[in-house]
Amino acid sequence: MRTNILLLLLWLTSWFAVAGDYVIVCNPPGETVKSGQCVLYNETNDSIGIADINSIGHVLLPAFGYTAVEIKADGCSSILMSFSQIANLKSDTIFVKPYVELSEVIVTPDNVKDLGNRMSYRIPMADMDRYSNFYQALNEIPHLTILPTGGAYYQGGDKIQFLLNGVATTTAELQTISKEDINNVEVYRNPPAKYIAQGIETVIDVRTKSNLTGGNFGLNVDQAFYPVMGNNNAALYYNYRRSRFSVIYTGFIQHLNKYQQNEKLEYEFDGVEYLKLKTGEDSPWHKDNHGVAFSFQNNKPDDYIYNLEVGCGWNQEKRNAKQNVVSDNYEFDAVNFLKTRYNRYTVANYFEKHLGKQDKYGSINATLSYQHFDSRYNSSYQEFPVDEAQDIVNNSSAYKTRLDGVFASVSYSFPRTKVGYFSITALDSYDYSQYADSDTPFFQKTNTFTGGASWFGFWKKIQWSASMQIRAEYELTTMLDKPYTTVVPSPDLQLRWRPNQSFSLTANYSYSSNLPSIAELSETDQWLDTKLVYHGNARLVASKSHNITLTPVYNNRYFAGSIDLIYVSNPDMICSQYMLTENYMLETIVNLDSYREFAARLNFNIMPLGNNKLMFWNRINYADVRGKNPQYSWHGTRFQWMSMLALNLTKWSFYAFYQYPGKVIVGQTVRPRGQAWYVSASYRPIRDLSIGLKWFMPFGKQFKDSEYTIKGAPVFHETSSICKDYANYVSLQLSWNISFGRNQNRVKANYYKGKDDAGILTK
């Protein structure tokens, strides 16, 4: 009894010492505020309560149970105060500063933290509310650019893996998650070893608040009705105690009716010269890609996570390109037909366990997933001469594939030590592919095992990351005389000097190897012309690549920029090549004897207002490339430029995007980039609803993409794809998020969904 009385007195003492009726004063002009809120946070930065500021500027804060308070007084800038700062106040008055537009975007220690192996960013709600959904709000992260169409670039690179609370997520989920559930965003420029093994350059981990309950529905729409083109998704989440249920739908629809395929062909076969000019006519081209994923999760914070996901998807593409052909003074019609479809099924398990409080003994995670593809392929080339003396050409190909894959991984992260972070990883991927064809059916077995370790350390202003992977690859196929095996070390070394928060200089070296896919190995004919065929190459071998990169990075309130200086040596690079065979001229895929590339990638964002309300983003790529094999050698350049101007206000957002018609050379083929532009505007009548319109290529007549062969190639083949549907169309954009209760957006399974290889190779 005496003990209970002492505890009660101690509690009352702490209450009167810390708790109190505080007055919030906006200074200058020195007046009490009229309304607002104080959000309470615990040691893990989760919001655990709200205290309202009343009409006379008073707020009652509790005595204990929190570590920080964010004061959001109306008309004033938000401030974050620790528990100790509140407890040590010499009076009952808390002073805040008037709201100033530019102060919203000043990078402060509370919003940006250097955690050694990653950077942590906290995006204020006022900034997130200027965007249609949370995924677009990621533009607030320095050097990260999210396009209105969904494309993502970090320092100009697009090899990004998004995570939600440490595990893999999708664009659809980030577009439908509630902004209120976001705590902070962590950026790993040197990702963990298991991501390096998958070719990932940057990992962006979105961390949500814990102890949330209830459900959430999110809808993201980008739909045009004439022509019918849409990229839409919807998600429903519900949380009950430790369990979370979710269903996510994604859908891509493209129904074009004014697609034209123009070609110029010039080659000689068996003493006959083939010269054809093919003028495309308006033709249909339809694409449909839909997917649904169901998941269940049981999660005990800071202890364990288990997630089961079952998904399915279906894809179909149909193109019926009509052409008018002129050859040897004859004029006739032709049709180039292509139809593919596949169904995809996935089952995935993810498990994570924290060993000891705050990972005292480290943590372990494991994945196990299965993926199945059923694919169908049909193509044909037909000519319909008007002269009976001419032959009627009717060539066709058809096949189907079945692909089954199993992926498993296990990783152990050691507890942090004085010399940094250590982890070990083991991954294994097994694929079995069956290729059914009336002429040359074959199968392929591939097993890839990767084991390795990584170490991230730092000393004063220097950081380093070292990862060593050993990849053992085995491939057996009926198209090869003997199994293909290789064991390749894959090191990745990174050294970074960061003298201050505004500047860093990074040097990186990596070595990797990649096996060809079943689609690239398949040799089923796809007829392009009377004596011209396209197919893969069963003799392809793995390509190996050395990459060296030097990257200076600089950012402040008005400018964020980086430039990657890159050297690539890829002696076994896989690229297309024309050659003469016994029965026809062939366009196929080969391994080069040597390939080297000197490249520069410039990425910069100008913010003239000192924040992201107005930003001008640019991405410029340039490269000098050389390659050769016994048949030929080539030298060319690559140039690409894309730019975006964005204005994000409280209720309105405006975007203007432009892609310059640059040029890419790969092997014997030069590909000029298509020129494109669009503008969009959106309005947010309420907090979680955004309605807008996107006008694609306003005042344009057509979108054109093309390619042609270099001089010296045995076939001169120039093609241009013209799509009148792409130009001058308007699509409706809608983002809507509805929460019932509190949305507990926890984690989602982190598993490798396969190679995305449905066994379909198209030209």
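**View 1. The largest nonpolar core of this predicted model.** Start with a set of 51 residues that makes up the largest nonpolar core. Phe134, Leu138, Ile141, Leu144 and Phe162 have the most contacts inside it. Take Ile141 as a way in: leaving out residues up to four places away in sequence, Ile141 touches Tyr121, Ile123, Val185 and Val187. Apart from this core lies another one, with 19 residues, including Val33, Cys38, Val69 and Ile94.

**View 2. A salt bridge between Glu140 and Arg130.** Here the closest N and O atoms of the two residues are 3.1 Å apart. Glu140 is in the loop between helix H4 (134-137) and strand E11 (144-146), while Arg130 is in the loop between helix H3 (125-128) and H4, so the pair ties together parts that are 10 residues apart in sequence. Are these two buried or exposed? Both Glu140 and Arg130 are buried. Counting over the model gives 19 salt bridges.

**View 3. Lys276 and Asp529, joined by a salt bridge.** The closest N and O atoms sit 3.2 Å apart in this pair. Lys276 belongs to strand E20 (residues 272-280) and Asp529 to strand E31 (residues 526-529), so the bridge ties together parts that are 253 residues apart in sequence. Lys276 and Asp529 are both buried.

View 4. Arg638 and Glu597 form a salt bridge, with 2.6 Å between the closest N and O atoms. This pair links distant parts of the chain, 41 residues apart: Arg638 is in strand E39 (residues 632-648) and Glu597 in strand E37 (residues 594-606). Arg638 has a relative accessible area of 18%, so it counts as buried, and Glu597 is buried too, at 9%. Now look for Asp624, which is in strand E38 (residues 614-629). Its side chain makes a polar contact of 3.0 Å with the side chain of Arg596. Which other residues is Asp624 in contact with, neighbours within four places in sequence aside? Besides Arg596, they are Glu597, Phe598, His635, Gly636 and Thr637. Asp624 has a relative accessible area of 19%, and because buried means under 20%, Asp624 is buried.

**View 5. An edge-to-face pair, Phe639 and Tyr660.** The two ring centres are 5.8 Å apart, with 80° between the planes. Phe639 is in strand E39 and Tyr660 is in the loop between strand E40 (652-659) and strand E41 (663-666), so the pair ties together parts 21 residues apart in sequence. Phe639 is partly exposed, with a relative accessible area of 30%, and Tyr660 is partly exposed at 35%. The count of aromatic pairs comes to 27.

**View 6. Phe703, Tyr726 and a cluster of rings.** The centres of the Phe703 and Tyr726 rings are 5.5 Å apart and their planes are at 80°, so this pair is edge-to-face. Phe703 is in strand E45 (residues 703-709), and Tyr726 is in the loop between strand E46 (716-723) and strand E47 (729-741), 23 residues apart. Phe703 is buried, with a relative accessible area of 17%. Follow the ring pairs and you get a cluster of Phe657, Tyr678, Phe696, Phe703, Tyr726 and Tyr729.

**View 7. Charges over rings.** Lys694 lies over the face of Tyr678, 5.7 Å from the ring centre. The charged end of Arg319 sits over the ring of Trp285, at 5.3 Å from its centre.

Conventions
Residues are numbered from 1 along each chain as its sequence is written. This is a predicted model: local features need pLDDT of at least 70, side-chain atom pairs count only at pLDDT 80 or more; totals for chains, interfaces and linings use all residues. Side-chain values use heavy atoms; hydrogens and water are left out. A nonpolar core is a set of buried Ala, Val, Leu, Ile, Met, Phe, Trp, Tyr and Cys residues joined through side-chain atoms within 4.5 Å. Buried means under 20% relative accessible area, exposed over 50%, partly exposed in between (1.4 Å probe, protein chains only). Contact means heavy atoms within 4.5 Å. Helices (H or I, at least four residues) and strands (E, at least two) are DSSP runs, numbered from the N terminus. A polar contact is a pair of N or O atoms within 3.5 Å; within protein, one must be able to donate a hydrogen and the other to accept it, and residues adjacent in sequence count only if both atoms are side-chain atoms. A salt bridge is a side-chain nitrogen of Lys or Arg within 4 Å of a carboxyl oxygen of Asp or Glu. Rings of Phe, Tyr and Trp (its six-membered ring) pair if their centres lie within 6.5 Å; planes under 30 degrees apart count as stacked, over 60 as edge-to-face and the rest as tilted. A charge sits over a ring if NZ of Lys or CZ of Arg is within 6 Å of the ring centre and within 35 degrees of the ring normal.
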